[in-house]
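Open the model in your viewer and keep the selection panel at hand. The tour goes stop by stop.

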Amino acid sequence: MQYYEKEKIKALPVQDAVGKVLLHDITEIVPDLFKGPTFRKGHVITPADVEKLLDLGKQNIYVAGLDGEVHENDAALRIAQAAMGKGLSISDPKEGKVSFSATALGFLKIDVAALERLNSVPEVIFSTLHTNQVVQPGQELAGTRIIPLSTDKTNVIEAEKICQQYFPIIQVKPMAKLDVGLVITGSEVFSGRIRDGFGPVVTKKFEELGSRITRKIIVSDELSMTVTAIQELLAEGAQMIAVTGGMSVDPDDLTPAAIRAAGGKVTSYGAPVLPGAMFMLAHIGDIPVVGLPGCVMYHRASIFDLILPRLLAGETIQRSDIVKMGHGGFCSSCKVCRFPSCSFGK
């Protein structure tokens, strides 16, 4: 029934078509008021539809059965339900497609390898946004359907097995709401010669993702002061530490050394991301510590915007994960920034 030729099928009386699949749209025209499909191709005719079809002048109708096959709406719904992880809702089938939307602010994760296997199943398609990005409540993220009006049930069963094996194919991970300690480095800020430009930017970025800065400490370009500030914030219960500035190769830039001296076990110093090459990720015990280069202050999107959501989503980031960020890690510095609706970080 998947593909049909008009001369090779027969029309049935409408009364005998209940339970069968409509092979074309049925259009209703109300002069000066409405013109459009009352019944769409693929609709399964019900007893309640018979009178309406007769009113539309359809005594006979082209239909087909579902012998050993699954209707497009049912197939899409079954695949969507099998693939869907937490943080998602799915739509009712519309013209054979089921859509996925985020139920809350979160971090989108797609099992890309499993997605490729799913799209290798005959007549099945599953399309998503890029993985590893922040998504908003109600945002559409993906859609699935089959290509024809119906497909052999074995195709749907195979798709469901892949979803079960790799579950979930798609999910939106919640992001933790952390208490963050912030250390601002720089003798020029400490002495009051210039205003702190880092603090407001970093505070806003954390707040947009549901976390908060519990305390900010400004220090001079001295190793011992930075180490003491980090240790104070840890003692006060900070669940993450952000240290800004002092990340370059200048003699006075001592932030990487201070993070190490405070007990930081470094995952990576440096990242193949522009802006963000001088970024550092470390941990003191279970507490993540990020060293933020100056680009975070004056670029709308940087390495910080790619790493922070993953940390808040509870992901363990290895050096190999950061190495992979080189592909897509170049910001085009568009005159009008469209991040995250662009290629940066994807």
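**Cysteines, a helix pair, a loop and a covered helix**

Begin with cysteine 334: it is partly exposed, because its relative accessibility is 36%. Keep in mind that this is a predicted model.

**Stop 1: the cysteines**

Stay on cysteine 334 and show its sulfur. Which cysteine holds the closest sulfur? It is cysteine 331, at 6.6 Å, so the pair is too far apart for a bond. The cut-off for a disulfide is 2.5 Å between sulfur atoms. By this rule the model has 0 disulfides. Cysteine 331 is in no disulfide either; for this residue the nearest cysteine sulfur belongs to cysteine 337, 6.3 Å away. Now colour by accessibility. Cysteine 331 has a relative accessibility of 17%, so it counts as buried. Cysteine 334, at 36%, counts as partly exposed.

**Stop 2: helices α2 and α4**

Select residues 72–83 for α2 and residues 153–165 for α4. Are the two roughly parallel or roughly antiparallel? The angle makes α2 roughly parallel to α4, since angles under 35 degrees fall in that class. The crossing of α2 past α4 is right-handed.

Next, show side chains at the contact:

- From α2, pick Ala75, Arg78, Ile79, Ala82 and Ala83.
- From α4, pick Val156, Ile157, Ala159, Glu160 and Cys163.

Colour this set by residue class. The contact of α2 with α4 has 8 nonpolar and 2 charged residues, with no polar ones.

**Stop 3: alanine 48**

Move to the loop between β4 (34–39) and α1 (49–55), where alanine 48 sits. Is alanine 48 buried or exposed? Its relative accessible area is 67%, so alanine 48 is exposed. In sequence, valine 18 and alanine 48 are 30 residues apart. In space, their C-alpha atoms are 9.1 Å apart.

**Stop 4: helix α10**

Finish with residues 303–312, helix α10. How many of its 10 residues are buried? The count is 10 of 10, so α10 is mostly covered, given that buried means under 20% relative accessible area. Then go past the helix to glycine 314, which follows α10. Check its backbone: phi is positive, near 85 degrees.

Technical notes
Residues are numbered from 1 along each chain as its sequence is written. This is a predicted model: local features need pLDDT of at least 70, side-chain atom pairs count only at pLDDT 80 or more; totals for chains, interfaces and linings use all residues. Side-chain values use heavy atoms; hydrogens and water are left out. Buried means under 20% relative accessible area, exposed over 50%, partly exposed in between (1.4 Å probe, protein chains only). Axes are lines fitted to C-alpha atoms, for helices over the stretch in contact, and angles run from 0 to 180 degrees between N-to-C directions. Helices (H or I, at least four residues) and strands (E, at least two) are DSSP runs, numbered from the N terminus. Angles under 35 degrees count as roughly parallel, over 145 as roughly antiparallel, 65 to 115 as roughly perpendicular and the rest as oblique. A crossing is left-handed if the near helix is turned anticlockwise from the far one by less than a right angle, and right-handed if clockwise. Contact means heavy atoms within 4.5 Å. Ala, Val, Leu, Ile, Met, Phe, Trp, Tyr, Cys and Pro count as nonpolar, Asp, Glu, Lys and Arg as charged, and the others, Gly among them, as polar.
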